[in-house]
Amino acid sequence: MKVVIAEKPSVAREIALLLGATEKKEGYLMGNGYQVTWAFGHLVALAMPEDYGISGFQREALPILPNPFLLTVRKVKKDKTYTRDLRALKQLKTIDQLFKNCDSIIVATDAGREGELIFRYIYEYLNCSKPFERLWISSLTEKAILNGFENLKSGKDFDSLHDAGVGRSRADWLVGINASQALTVTSGSSIFSLGRVQTPTLALICKRFLENQSFKIEDYWQIELEHNKEYVDFKSLSTLKWDEVKKAEYVLKTVFKHGKASVIDTETKTISEQSPLLFDLTALQKEANTRLSLTAEETLNIAQSLYEKKFISYPRTGSKYIPEDMWEEIPKLIRITEEVEKFKAIVSKMKLNRLNKRIVNDLKVTDHHGILITDKIPSALSAREKAIYEMIVYRLLESVSPVCTKEITNIVLQVAHYDFGLKGIKILDAGWRVIKGDFSDEDKDPIQELPTLKIGDEVKIKTAKIVAKKTKPPGIYTEASLLSAMENAGNQIENEQERKIIQGVGIGTPATRAAIIETLFNREYVKRDKKLLLPTAKGLKVYELVKDKNIANVMLTANWELALQKIENNESNLATFQKEIETYTKSLTHEILDLAIEVERQPELISPKCKVQKLILRDKLVKCKDENCNWVQFRNICGIQLNLVDLEALITKGKTSLLKGMTSKSGKKFDAFIAMDEGGETSFIFPQKKKGK
């Protein structure tokens, strides 16, 4: 009997159906010589400090360096403590019995670093020694699964992938646990969370936000001219920028007097704009955030759903290419899109025997190729699934289309020794831009066709006006721009030699970046304001404490990602990496413990309900020490965090100051006082509107 283990029940059911294992059992499916079971993601994880006998946050216990690392059943939070997940425990017992009674195992967890780790942690926790093979596929179509079972790979071929997963897991544990506990111990009050990847990401957000806020916006003025020649209207803009409007007004009068502009320089060049590559996960998340306002996590969940419904290939990929042996599948996939009404007319005009092979590159395909559609026609999709699916189809069609050829003309006009520039863009062959009808990036390169102009020509000035402009601060991150910054974190390093070493290496991986961003929201370090990502007061406080420490260093994090890639490629080993992480953890922990943190003065407050016990103040809430009293007040009210001054006023005087900018359930903004009665119950008091005279 062979046991097949998948990452989740839905995938297990698909595999079982194809293998003929249709008899339902408790926690698995059986038939035709197979038993197909499943995990629920990570059933087994690294043990927590309390599992090593270290309870609470103790300065003397830091740094905690487990030797050996222990594994435990996944834990869930219940009340104030973490307990073993009973659902995970039950499934593990089922898997244990199946492993003990089988001849061999087939690993069918997701084909990537985390999928490998999910299985290996279960295998190790159960002390299993049965031989295992690996199912390595990039889509869940019937053809891909059956082909994968005909070409199973040796489990040992993925030992280095497993080592990279273990290295990532242990590094996150060592840095996250020790740094978080050290900062919490040092602060004396608030509970803080730091992480190997989350803290550099927070640093990116905070640094950009502070740069934006401290930027001094300055006014400047330019002069815009409008011309007409050969019945073509076009505009030019002064190359000079004036810091005073009076200076621009003086020049404007001079320009009016002349009435004509002379061509003093022209340059025309033809450029070929390459088609975009296929989506990897990060590129898909960026596009979906920009065009559909979806978060990175939402996009990943939608893509995962499309994958499990067999409509697209494996989405957690870091590659934008396909291998040579897949190229013959591309025309077949394109023909399938003709059956979708939206793409029928587009595909009918494509020359399928002359497709652009730009996406073919064996060397740039990692574990998985770029995201593709499958040969299964989509049906019963939600609006969001439909939008993401169509986005992937458009990108496939664009990627195999010809280059877009443009003629770009730059001209310099002169009026009374003042230069004016203009740019003309003419599409010679739209190529891949025909697919969506986007012929130019309008913000960067608006299309402007020009008449024939040569040096010495004169053109009339129809109108001339002063254009007021402002210098722009560095833009606050959106999820799309943050994903770009995380992906290209190595590019931000000032030292050129260091930058070259880790070029193309970023913070996290395509599969983990969404989770990293969501962690910052869950920690209440970052909040959303429409598309913008803004640090909270708590996030800025953490950043100020650690911004000069290595844990916030993008270079260090990118180097770790590089080291994990080397382990995966058998160019380095787990033992060396772990030793380096342990050395770093010791240094980091002592560095944080030595921080002198000025603890915010906390008022001593008595419960308004029992009138006896002192209150415990936390970031999220204030509560009575006496469980019988059970009085609790949450500090976040309609999106506004109660500071200590307002909290003290509410409990001692029965009313806060006027809190502005609260948000109702319907999304409307309002201002109000928070009032408290004798029993400790709160309510809103709305300010009276001033009566008109």
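This report describes the overall make-up of a predicted protein model and then some of its local features.

## Overall make-up

The model is predicted. The protein contains 19 helices and 28 strands. Its C-alpha atoms fill a box of roughly 90 × 75 × 55 Å along the principal axes. Of the 693 residues in the protein, 50% are buried. Contacts between residues at least 6 apart in sequence join residues at least 24 apart in 70% of cases.

The protein exposes about 35,800 Å², and carbon and sulfur atoms supply 49% of that area. There are 105 positive and 93 negative side chains. The centres of these two sets lie 5 Å apart.

## A three-stranded sheet

An open sheet is formed by 3 strands in the order β21-β22-β23, with antiparallel pairing. Its edge strands are β21 (615–617) and β23 (632–634), each of which pairs on one side only. Neighbouring strands of this sheet are turned by 15 degrees against each other on average, with direction ignored. In general, strands of a sheet pair through backbone hydrogen bonds, either parallel or antiparallel.

Between β21 and β22 (residues 621–624), the antiparallel pairing runs over 3 bridges. Leucine 615 stands opposite cysteine 624 in β22.

## Helix α15 and its surroundings

Helix α15 (residues 513–522) is mostly covered, with 7 of its 10 residues buried. The buried residues are Arg513, Ala514, Ile516, Ile517, Glu518, Leu520 and Phe521. They pack against the helices α6 (198–214), α8, α9 (296–308) and α13 (479–487), and against the strands β19 (526–529) and β20 (532–535). Just after α15, glutamate 524 takes a positive phi of about 60 degrees.

## Leucine 284 in helix α8

Helix α8, one of the packing partners of α15, spans residues 281–292 and includes leucine 284. Leucine 284 has a relative accessible area of 0%, so it counts as buried. Not counting residues up to four places away in sequence, leucine 284 touches Phe279, Thr299, Ala303, Ile371, Ile388, Met391 and Ile392.

## Cis peptide bonds

Most residues other than glycine have a negative phi, and most peptide bonds are trans. A cis peptide bond joins leucine 62 and proline 63, with omega of about -5 degrees. Proline 63 lies in the loop between β5 (44–46) and β6 (71–73).

The bond from asparagine 67 to proline 68 is also cis, with omega near 5 degrees. Proline 68 is likewise found in the loop between β5 and β6.

## Asparagines with positive phi

Asparagine 32 has a phi near 60 degrees, which is a positive value in a residue other than glycine. Asparagine 32 sits in the loop between β3 (28–31) and β4 (34–38). The relative accessible area of asparagine 32 is 61%, so this residue is exposed.

Asparagine 630 also has a positive phi, of about 60 degrees, although it is not a glycine.

How values were computed. Residues numbered from 1 in each chain as written. Predicted model: local features only at pLDDT ≥ 70, side-chain atom pairs only at ≥ 80, totals over all residues. Heavy atoms only, no water. Helix = DSSP H or I, 4+ residues; strand = E, 2+ residues; numbered from the N terminus. Buried < 20%, exposed > 50% of the residue type's maximum accessible area, 1.4 Å probe, protein only. Contact = heavy atoms within 4.5 Å. Areas by Shrake-Rupley, 256 points an atom, 1.4 Å probe, with all protein chains shown as cover. Lys, Arg positive; Asp, Glu negative; His and termini not counted. Charge placed at Lys NZ, Arg CZ, Asp CG, Glu CD. Pairing = 2+ DSSP bridges. Axes fitted to C-alpha atoms, helices over the stretch in contact; angles between N-to-C directions.
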